[in-house]
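Thanks for passing this one along. Here are some notes to read beside the model, point by point.

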Amino acid sequence: MSGPRRRLCCPLVSSIHTFWGEIAVAISGVVGLWGVLMARRERVPRSFYWAVGVAIVSLLVQVTLGVLAMSTENIDPGNQHVFYGVVIAVTFAFAYIYRAQFRKRPALYYGLLLLFSMGLGIRGIMTFGQSF
């Protein structure tokens, strides 16, 4: 089918993506700070691992919503915005690959990972609509 792209979805996806972005960044920042502050503890509480999972899933949902908004709503968020979304996904892929090393000092490593991801998310929010 030639011509302009059909909209498969209402602008609801991009609205959720915009709203959820700040929440996902806040969750990752709070859990990341919690991890860094707990870094000296020998035993990490089980609730921290649940919080890490929630933070990671919230950021991955955010990246997925962004891809969905781009593909269904024909939105051009700019190259930099997309770049930071991709870097977030790649960061979590590398963290999964190196998860055995994270077991040595889990609070510190997951805390730093989530603070780094929070920074990427903030940069992604700030660079919406900008290209390199």
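1. Contact here means heavy atoms within 4.5 Å. Leaving aside neighbours within four places in sequence, Ile 88 is in contact with Leu 59, Val 63, Ser 117, Leu 120 and Gly 121.

2. A word on the source: this is a predicted model, in which local features need pLDDT of at least 70 and side-chain atom pairs count only at pLDDT 80 or more, while totals for chains, interfaces and linings use all residues. Residues are numbered from 1 along each chain as its sequence is written, and side-chain values use heavy atoms, with hydrogens and water left out.

3. Ile 88 has its place in helix α3 (helices are DSSP runs of H or I, at least four residues, numbered from the N terminus). Ile 88 is buried, with a relative accessible area of 6%; buried means under 20% and exposed over 50%, with a 1.4 Å probe and protein chains only.

4. Which residues of α3 are buried? They are Gln 80, His 81, Tyr 84, Ile 88, Thr 91, Phe 92 and Ala 95. Seen down the axis of α3, these fall within an arc of 125° (taken from the directions from the helix axis to the C-beta atoms), so they line one face of the helix. The face turned away from that buried side carries the exposed Tyr 96 and Ile 97.

5. The cover over the buried residues of α3 includes α1 (12-37), α2 (46-73), α4 (99-102) and α5 (106-126). From α2, Ile 56, Leu 59, Leu 60, Val 63 and Met 70 meet Val 82, Gly 85, Ile 88, Ala 89 and Phe 92 in α3.

Conventions: Helices (H or I, at least four residues) and strands (E, at least two) are DSSP runs, numbered from the N terminus.
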